[in-house]
Amino acid sequence: MVMNHRQSAVRTVAMTVATAVTVAAMLAACDGTGGGGSEGVPAPAAVTGCGPAKVMKTLRGDAICVASTDSDQDGTPDEFEDLILQRYRPYLRFSVDDGEETFRPTDALWYLARSDLIVSGDEDSEVVLSHQQLAGHYERLLAADHKNLLVSRLGPTDLTRNPRRTDWHINPLGDDTRRGPEWDVVMRKQNTGLYGHVLELRTGEYQVEYWQFFGYSSVNRAFDIADHEGDWTCVSLIVQPGDPEHELLSVTHRAHGYPLTFHFPSRRSVDPVPVSGGAIKEYRGGNYDTDFDLRGNKTFHSDNAVRMFRTDEPGALFLHPVVFVERGAHEFWPTENGSIIGAPKHNGVGRYRYLVGTVPNLGEVDHPLDTRARVILHYNGLWGAYSRSVPGIIDTTPPQGPALHTGWVWPRDSALRRRIGSESFGG
Ligand SMILES: [Ca+2]
Ligand SMILES: [Ca+2]
Ligand SMILES: [Ca+2]
């Protein structure tokens, strides 16, 4: 991906940014439209009309004012990042295949409090940090080290001190940890284990990523073949929120390591279908095909079809990508269509489905926004221990964290990114 990222020096101290920003609250904070501030211009000072420590941005052609605080130092006011994360947040639909989903969305820290840090994928291998040590002190995950040179690819667990993917393993203890909190908790919170990332790619154009964590990936086959502990999945968009008519540029779902990208505007769309709380509209591209194989002709991976949700609120738009979550393995598909051999169904017909709630922003890897974000972004090992690969056929090593996935887009001027070799990144 080509980026033309700017580094802005805007920093403001002593500003409090609400984490749950609503569009209404932000519009209310705007006291005028004067000043003529334009989208994407670096804001060294408050723009006339927004008041002190505020800058003007554009949302669908309308000027809004946001706090200028930029704690992740990516040139975009963090309050505007929060607004973007809320505006395009996904609608998750879980699937049924031999029953409802039982490996539920899982908070990354909840999982750490029930896991040990160990030195290999063997669950009986040396424990370097116990779950008792990790619970409530998650930053300890970044302070571990191992001097034994006979143990391959260890060293410091912190990406900033050891800039490569390592073979540290987080070992979740017991079936309850693998499965995550009960569905009633997940359905009430609607953001369990979901984390966001926003980066301006070029003026007015933003990469928006939603990362979802699960404690286990199961394809529900004999001997747990192809299963693994820990699971990070992602749906992302490229948007231009200031554009008065065309906010969406593309949506990318990721399934089994393949990006499925849909570019807007679409070739055509079909009439919206009412669902509880809103409606869903399908957009079809030039490669529309309901019967593609992920390992077959890759033409059908792009500009096939995507579905967008809107709420019942007046003026609501179809801005929320619908995600069909594969049963057990949690791959993110854009519709129930398409297949890959051996995978469970991604029919989206499960009873569990929701427009996600508030999405916490992780910030950038060089400047995470809080301790939780730092732990998630800087831990350089794997998020599971147990796995059942089939040598030479299928590799189901537990995943590294979001920052070491190819779906995570780094600022082009990131000093840390330059220190990490490409071999450390995976799909
Ligand atoms: Ca920022
Ligand atoms: Ca385990
Ligand atoms: Ca950011």
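The model is predicted, so local features need pLDDT of at least 70 and side-chain atom pairs count only at pLDDT 80 or more, while totals for chains, interfaces and linings use all residues. Residues are numbered from 1 along each chain as its sequence is written.

The protein holds 8 helices and 20 strands; these are DSSP runs numbered from the N terminus, helices being H or I with at least four residues and strands E with at least two. Of its 427 residues, 44% are buried, meaning that 20 or more other C-beta atoms, placed from the backbone, lie within 10 Å of the residue's own.

Strand S4 (residues 115–118) joins S5 over 2 bridges, and Ile118 stands opposite Val127 in S5.

The largest nonpolar core has 81 residues, and Leu141, Phe332 and Ile376 are among those with the most contacts inside it. Such a core is a set of buried Ala, Val, Leu, Ile, Met, Phe, Trp, Tyr and Cys residues joined through C-beta atoms within 7 Å. Strand S8 (residues 205–217) gives the most to this core, with 7 residues.

Leaving aside neighbours within four places in sequence, Ile376 is in contact with Ala108, Tyr195, Leu362, Gly401 and Pro402, a contact being two C-beta atoms, placed from the backbone, within 7 Å.

Definitions and conventions. Chains are lettered from A and ligands numbered from 1 in the order in which they are written. Two strands pair if DSSP finds at least two bridges between them. A residue is buried if 20 or more other C-beta atoms lie within 10 Å of its own, exposed if 12 or fewer, and partly exposed in between; C-beta atoms are placed from the backbone.
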